[in-house]
Amino acid sequence: MSLKDQITEDMKSAMRAKQTQRLGTIRMLQAAIKQREVDERVTLDDAAIVAIVDKLIKQRRDSITAFEQASRQDLVAQEQSEIDVLQAYLPARLSAQEVQAAVEKIVADLGASGPGDMGKVMGQAKKELAGKADMGAVSAAVKAALAQRP
């Protein structure tokens, strides 16, 4: 079953169970998928849907930061519950050690050294690790790896 079909089935089960908050989050995800399909006139595959889910989770995390600064715990809780629903559609993430090992391999393969090669390394890391790891963690690992190489 494709990820898109799984999302549709989860929406139906949320409707039957009258889980309004879960249903709202799934509908928001479906709307984002449909919007991209209409804009680009394509049918999205699982990798593209994972990228959309990643983007939505990042938006929610940014919102949580803003809401915490404004002392709006009610909105923080709502955004966190949306993140919890969305994370079910992501594949298993790499651990910090696995990310570090992958970044070290990319840096070695490219022969990168120093912060000037950040863009080159991140481009390759994005190709290899997109959907498998949080790109913020990957970026931090790349910075650390390049700082060690003069």
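Trainee: How far apart do the C-alpha centres of domain 1 and domain 2 lie?

Mentor: They lie 28 Å apart. Domain 1 covers 3–88 and domain 2 covers 96–148, with bounds from an automatic or database domain assignment. Keep in mind that this is a predicted model, where local features need pLDDT of at least 70, side-chain atom pairs count only at pLDDT 80 or more, and totals for chains, interfaces and linings use all residues. Residues are numbered from 1 along each chain as its sequence is written, and side-chain values use heavy atoms, leaving out hydrogens and water.

Trainee: Why is E79 called buried?

Mentor: Buried means under 20% relative accessible area (over 50% is exposed, in between is partly exposed; 1.4 Å probe, protein chains only). E79 has 11%, so E79 is buried.

Trainee: Which residues is E79 in contact with, leaving aside its neighbours within four places in sequence?

Mentor: R60, S63, I64 and F67, where contact means heavy atoms within 4.5 Å.

Trainee: What makes helix 5 and helix 7 oblique to each other?

Mentor: Their axes, lines fitted to C-alpha atoms over the stretch in contact, cross at roughly 50 degrees, on a scale from 0 to 180 degrees between N-to-C directions. Under 35 degrees counts as roughly parallel, over 145 as roughly antiparallel, 65 to 115 as roughly perpendicular and the rest as oblique. Helix 5 and helix 7 are therefore oblique.

Trainee: Which residues in helix 5 meet helix 7?

Mentor: V99, Q100, V103, E104 and V107.

How values were computed: Helix = DSSP H or I, 4+ residues; strand = E, 2+ residues; numbered from the N terminus.
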